[in-house]
Amino acid sequence: MKILITGGAGFIGSHVVRLFVMKYPNYQIINLDALTYAGNLENLRDVEGAPNYRFVKGDIADQAFIDELFAREEPDAVIHLAAESHVDRSITDPMAFVKTNVIGTVNLLNAARNLWQPGGYAGHTFYHVSTDEVYGSLDFGPEMFTEDTAYDPRSPYSASKASSDHFVRAWHHTYGLPIKLSNCSNNYGPNHFPEKLIPLAIHRLRTGQPVPVYGKGENVRDWLFVKDHATAIDAVFHNGKLGDTYNIGGVNEWQNLKLIELLCDVVDEKTGQGPGTSRRLIKFVTDRAGHDMRYAIDSSKIMNELGWKPSVTFEQGLAQTVDWYLANEEWLNSVTSGAYQDYNTKQYAGR
Ligand code: NAD
Ligand code: DAU
């Protein structure tokens, strides 16, 4: 089987690529990525020489390029993770999100349909990786997002992801395209670009800079270790029902301030600083516009139907994450300095 994985140089994509390359030596894995600021081939150094792995640089929003790629490579399946993924960036530049998340997704749907429909769809899968943010915002009650929760996206990012989810389902209902979807909660772990809360906080604590907490820090997110998201994607890809959606979460809700305080304590412990040192760097700043209050995912469908469950507790996952960032100072320095972007621009000039 030849699988095209989009966005494989990003945070979650790199963990999915590694899992598939190592676990399925008989599959050919093509990683298609535009290497935006969030894409980093350093994330995949350990698998880049594997005989069943190839990287292709390209933009999913470029229809001619995508059509040509599908005609040339004839992938049997697609796992689509490429996206603009940061809510704050979507507030300042929404059009980039429309281009990649909406137009890019429709380009992939069209290319898959054109390639697969003539010979019949049997044996093909278009798997779209999405987010819990499409469901909107919960209050502090016991309610959780299920696969049946009505969509209510409220940021340009979540609106673009909701739109892409609708297009994926429309291609299934209208053209019969064999699709699967999953909607996941907040991921954390190694290789996370340090503009998102957890890696940003670790980077700033490590360098003695203030850690910005939006508003009062009351907002709640449900955190899942990225390697557990990758195993969930593996389970849905291989065993999920065609046409179905699976919610994936960590059953692990944290208020932002409590999470940052915990992270400060873990960093103090690991760096041998006195207790309370890092907490002094917490700084309350202006809230995010339209900041969703709470996300919480009900993962019972994937757990009951596919037998998936998270493999680590939050304490274990957070400890592994802090260890990884402390041991990979060079990675953090290069992504925060833009050095790898300069490298990518030179390395892939004209490609
Ligand atoms: P990321 O921003 O770390 O990585 C995105 C990758 O997509 C990068 O490698 C980037 O270069 C690539 N990309 C961006 N635009 C592209 C384009 N036009 N053409 C080709 N490649 C392009 O994102 P992530 O956090 O790894 O998220 C991956 C997917 O999972 C996204 O679809 C996101 O919506 C979804 N998701 C993320 C989370 C999370 O907590 N990070 C949670 C649930 C779902
Ligand atoms: O829920 C899944 C989503 O999780 C994914 O679809 C997105 O791609 C991913 O970026 C993430 O979105 P969030 O907006 O929840 O993640 P972020 O790390 O940006 O913020 C987490 C929470 O922390 C949120 O309530 C905003 C807050 N925050 C964030 C930053 C960057 C702060 O308080 N300070 C910060 O500096």
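## Aromatic pairs and the ligand shell

F20, Y24, Y27 and F237 are joined into a cluster by ring pairs. The model is predicted, and 16 aromatic pairs are found in the structure. Two of these pairs, and the residues that form them, are described next.

The rings of Y135 and Y151 have centres 5.5 Å apart. Their planes stand at 90 degrees, so the pair is edge-to-face, given that planes over 60 degrees apart count as such. Both Y135 and Y151 lie in the loop between β5 (125-131) and α5 (156-175), so their pair ties together parts that are 16 residues apart in sequence. The two tyrosines can also be described by their accessibility. Y135 has a relative accessibility of 4% and counts as buried, whereas Y151, with a relative accessible area of 21%, is partly exposed. The limit for buried is under 20%.

W171 and Y175 make another edge-to-face pair, with ring centres 5.2 Å apart and planes at 65 degrees. Here the two residues both belong to helix α5, and they are four residues apart, about one turn of the helix. W171 is buried, at a relative accessible area of 11%; Y175 is partly exposed, at 27%.

The ring of Y175 has a charged neighbour as well. The charged end of R113 sits over this ring, 3.6 Å from the centre.

The next part of the structure to follow is ligand 1. How many residues surround ligand 1? The shell holds 29 residues, and the closest are D33, D59, S85, Y157 and K161. By class, 13 residues of the shell are nonpolar, 12 are polar and four are charged. Which elements supply at least two residues each to the shell? They are α1 (11-23), β5, α5 and β7 (186-188). Strand β5 gives the most, with three residues. Helix α5, which holds W171 and Y175, is thus also one of the elements that supply the shell.

Several atoms of ligand 1 lie beside polar atoms of the protein. A polar backbone atom of F11 is 3.1 Å from an oxygen atom of ligand 1, and a polar backbone atom of L35 is 3.5 Å from an oxygen atom of the ligand. On the side-chain side, T100 places a polar atom 3.0 Å from a nitrogen atom of ligand 1. On its own, ligand 1 has 830 Å² of accessible area, and the protein covers 96% of this.

Strand β7, one of the elements that supply the shell, contains N187. Is N187 buried or exposed? N187 is buried, with a relative accessible area of 7%, a value under the 20% limit. The side chain of N187 has polar partners in the backbone and in another side chain. A polar atom of this side chain lies 2.9 Å from the backbone oxygen of S185. The side chains of N187 and H229 are joined by a polar contact of 2.8 Å.

Note on methods: Residues numbered from 1 in each chain as written. Chains lettered and ligands numbered in written order. Predicted model: local features only at pLDDT ≥ 70, side-chain atom pairs only at ≥ 80, totals over all residues. Heavy atoms only, no water. Phe/Tyr/Trp six-rings, centres within 6.5 Å; stacked < 30°, edge-to-face > 60°. Buried < 20%, exposed > 50% of the residue type's maximum accessible area, 1.4 Å probe, protein only. Lys NZ or Arg CZ within 6 Å of the ring centre and 35° of its normal. Near = heavy atom within 4 Å. Polar contact = N/O pair within 3.5 Å; in protein donor to acceptor, adjacent residues only side chain to side chain. Areas by Shrake-Rupley, 256 points an atom, 1.4 Å probe, with all protein chains shown as cover. Nonpolar A, V, L, I, M, F, W, Y, C, P; charged D, E, K, R; others polar.
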